[in-house]
Amino acid sequence: MAGYNGVSMSNNARAAYADGEKPFSKWSKTAMMEALAEVSNLDFSVLTKKEIFENLFRCSSWHHTGKFYNCTDFYSVDEEKASAATAEMISNIISSRPKRARRSADEIQKERDAKAARVAEKQCKEHLKMLFEKQTRYKRFSAFCTNAAYISECEERLEIATDEKIKELRKVWSAEKDQERRARLLSYLDDVDYIKRAYVHKI
């Protein structure tokens with residue numbers, strides 16, 4: 001059955017699929033469990049996909065795949081190993097897993113502090129970008145970030161502009177005739193950050 005059928009794989013590769021062989025990337029854990037169930041009554045679900053593959057599957061053939069005729073290994077259940085598998089073997093595989101080093105309280109705290117610092121840095125950068133987009137003096141974000149005095153000035157101007165915008169919106173939204181819509185609009189005023197981002201355009 002040599003030759004290609006289309007450009008995805010050879011005829012032999014298609015035949016291998018039909019016989020239950022697949023490249024590793026095509027084997028899901030569910031498919032592995034179904035294939036193993038045909039030769040063993042043991043429950044292998046406690047093992048990881050990698051553990052199942054390394055201990056109970058074998059490279060059964062190789063075939064050309066793709067338009068560049070790549071040589072691809074195909075795998076199937078190692079029926080001899082699977083039929084001989086025992087509960088003890090499964091336990092041994094699990095017990096041989098690398099043990100995670102127990103982290104000290106200091107290490108855990110350092111990790112939390114580092115994560116908090118990354119979050120704070122990201123929030124700070126997002127805030128600076130918001131200020132940059134609303135100011136008109138600088139064209140480049142990098143230049144804007146170097147002027148601490150101007151950033152502080154922008155902060156003050158943003159607070160003033162936000163207060164004025166909230167008053168303006170409260171007046172407009174309070175005039176809304178639909179009671180439900182009016183209540184919803186006025187509730188937005190409680191989220192000052194949202195008003196800053198969405199309604200204050202220039203400072």
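Guide: Start with a cluster. This is a predicted model. Ring pairs join five residues into one group: F24, W27, F53, F57 and Y75.

Visitor: Which charged end sits over the ring of W27?
Guide: A charge counts as over a ring only if the Lys NZ or Arg CZ is within 6 Å of the ring centre and within 35 degrees of the ring normal. Here the charged end lies 4.6 Å from the centre of the W27 ring. It belongs to K22.

Visitor: How far from the centre of the F24 ring is the charged end of K49?
Guide: F24 is one of the residues in the cluster. The charged end of K49 sits over the F24 ring. The distance to the ring centre is 4.9 Å.

Visitor: How many aromatic pairs does a search of the whole structure find?
Guide: The search covers the whole structure. Its total is 15.

Visitor: Why does the pair of F132 and F144 tie together parts that are apart in sequence?
Guide: F132 lies in helix α6, residues 105-134. F144 lies in helix α7, residues 141-145, so the pair links parts separated in sequence by 12 residues.

Visitor: Are F132 and F144 buried or exposed?
Guide: Buried means under 20% relative accessible area. Both F132 and F144 are buried.

Visitor: What is the angle between the planes of Y194 and Y199?
Guide: Y194 is partly exposed at 28% relative accessibility, and Y199 is partly exposed at 24%. Their rings form an edge-to-face pair, 5.9 Å centre to centre. The angle between the planes is 80°.

Methods:
Residues are numbered from 1 along each chain as its sequence is written. This is a predicted model: local features need pLDDT of at least 70, side-chain atom pairs count only at pLDDT 80 or more; totals for chains, interfaces and linings use all residues. Side-chain values use heavy atoms; hydrogens and water are left out. Rings of Phe, Tyr and Trp (its six-membered ring) pair if their centres lie within 6.5 Å; planes under 30 degrees apart count as stacked, over 60 as edge-to-face and the rest as tilted. Helices (H or I, at least four residues) and strands (E, at least two) are DSSP runs, numbered from the N terminus. Buried means under 20% relative accessible area, exposed over 50%, partly exposed in between (1.4 Å probe, protein chains only).
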